[in-house]
Amino acid sequence: MRAGNTPTTHPHGETHRNPHPLRRTLLRVLLPALLTAAIVLPLTGAARPTVPAPPPATLTTPLTPASAYEANRKNAAEAARMAAAHGDTHRAAADHALAAPSRHLLAFDGRGSGQATEVIGDLTHARHIAVLVPGSDTTLDTYPRFHRAAASLYTALTHHPTESRTPTDTVAVIAWLGYETPATVSTTVTTTTRADEAAPRLRAFVRGLRTTAPAGAHLTLLCHSYGSVVCGRAAPGLAADDIALVGSPGTGADSATALHTRARVWAARGTADWVAHVPHVRAGLSGTGTTIGFGTDPVSAAFGARVFDAAGAGHSGYFTPGSASLANLARITLGETSEVTRA
């Protein structure tokens, strides 16, 4: 059954005000479990001990990409050394890979679950820039899969056939792991708490990006899974031209208009994505100030986004080389909106 047509949800994505106290109680008790089961994957095991790492590098002012890359590579190399000394070979390998001369880190913090912002391409000359915002359970330990998604998009962009491109019309893709993502199996992943914490950081990053990138560069945010909740909370005032939500459980807003953004809002969900079974409801937990659920389905007519074709993509398949979803994400990034195939 399509999630947007559940008995507890209004056809336009709004939760019914059910006067029956027992049903209200059941909703509050069961909804966290329902959303957790729908949104998460059974990936996490026992909690890992804290991995030691140096504090983030002190960057020069004014900041240039080249100076940031050098400072953060050195910091990642030191983090790798400390992780290896601690006996965590997996984290040491992840940090070591990011310290390679070929990697371009605008930001790096190896402490805790870790954060990194990586550029693929020439940011200082890019006319089209995509910022990828990841979902739950993305950390330095799982970063390679996030990097693969960014690299796949960059390949699609640089091999994209279009008459509008010129030799100087370059592209850049930024993998923005700039917040502490919620664990895949947790109650946190069912609330906007982490997204509310991340939103000011994303907004500030995009604002800074506008000063670094060429004037008039086309900027697109590609937001996956819980990352779409982050983008939804950051959307008001966000200096982006396009926002694409893929595999989204919701944004915390009732409609694209309610995001209060000047950006074009896109959404897609593949037919093999289990997020289709997430109940699109939103309910407050009495006395906690916490809201469970993310509201209207972004691919529904009620939400009002520009829905594009993702064919048979699964939840982790939106950036698969050769896929319909990746081709459309490349078109959106390049501003070729008339070429996007709609669902």
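Rings of Phe, Tyr and Trp, the last by its six-membered ring, count as a pair if their centres lie within 6.5 Å. The views below are taken from a predicted model.

**View 1. Trp-176, Tyr-179 and Phe-205 form a cluster of aromatic rings.** The three residues are joined by ring pairs. In the whole structure, a search finds 5 aromatic pairs. Two further pairs are shown in the next views.

View 2. A pair of aromatic rings is described by the distance of the centres and the angle of the planes. Tyr-143 counts as buried because its relative accessibility is 2%, under the cut-off of 20%. Phe-146, at 8% relative accessibility, also counts as buried.

**View 3. Tyr-226 and Phe-294 pair across distant parts of the chain.** The ring centres of Tyr-226 and Phe-294 are 6.0 Å apart and the planes meet at 75°, so the pair is edge-to-face; the cut-off for this class is an angle over 60 degrees. Tyr-226 belongs to helix 6 (residues 226-234), whereas Phe-294 lies in the loop between strand 9 (290-292) and strand 10 (306-307). The two residues are 68 residues apart, and both are buried.

**View 4. Helix 5 packs against helix 6.** The axes of helix 5 (residues 193-212) and helix 6 are 8 Å apart, at an angle of about 60°. Helix 5 is therefore oblique to helix 6. Their crossing is right-handed. On helix 5 the contact is made by residues including Thr-193, Arg-194, Ala-198, Leu-202 and Arg-203. On helix 6, Tyr-226, Val-229, Val-230 and Cys-231 are among the residues that take part.

**View 5. Cys-223 is a buried residue of strand 5.** Strand 5 spans residues 218-224. Cys-223 has a relative accessible area of 0%, so this residue counts as buried. Leaving out residues up to four places away in sequence, Cys-223 touches Val-133, Ser-228, Cys-231, Ile-243, Ala-244, Leu-245 and Val-246. Gly-247 is 24 residues from Cys-223 in sequence, and their C-alpha atoms are 8.5 Å apart.

**View 6. The charged end of Arg-306 sits over the ring of Trp-266.** The distance from the charged end of Arg-306 to the centre of the Trp-266 ring is 5.4 Å.

Methods:
Residues numbered from 1 in each chain as written. Predicted model: local features only at pLDDT ≥ 70, side-chain atom pairs only at ≥ 80, totals over all residues. Heavy atoms only, no water. Phe/Tyr/Trp six-rings, centres within 6.5 Å; stacked < 30°, edge-to-face > 60°. Buried < 20%, exposed > 50% of the residue type's maximum accessible area, 1.4 Å probe, protein only. Helix = DSSP H or I, 4+ residues; strand = E, 2+ residues; numbered from the N terminus. Lys NZ or Arg CZ within 6 Å of the ring centre and 35° of its normal. Axes fitted to C-alpha atoms, helices over the stretch in contact; angles between N-to-C directions. Parallel < 35°, antiparallel > 145°, perpendicular 65-115°, else oblique. Left-handed = near helix turned anticlockwise from the far one by under 90°. Contact = heavy atoms within 4.5 Å.
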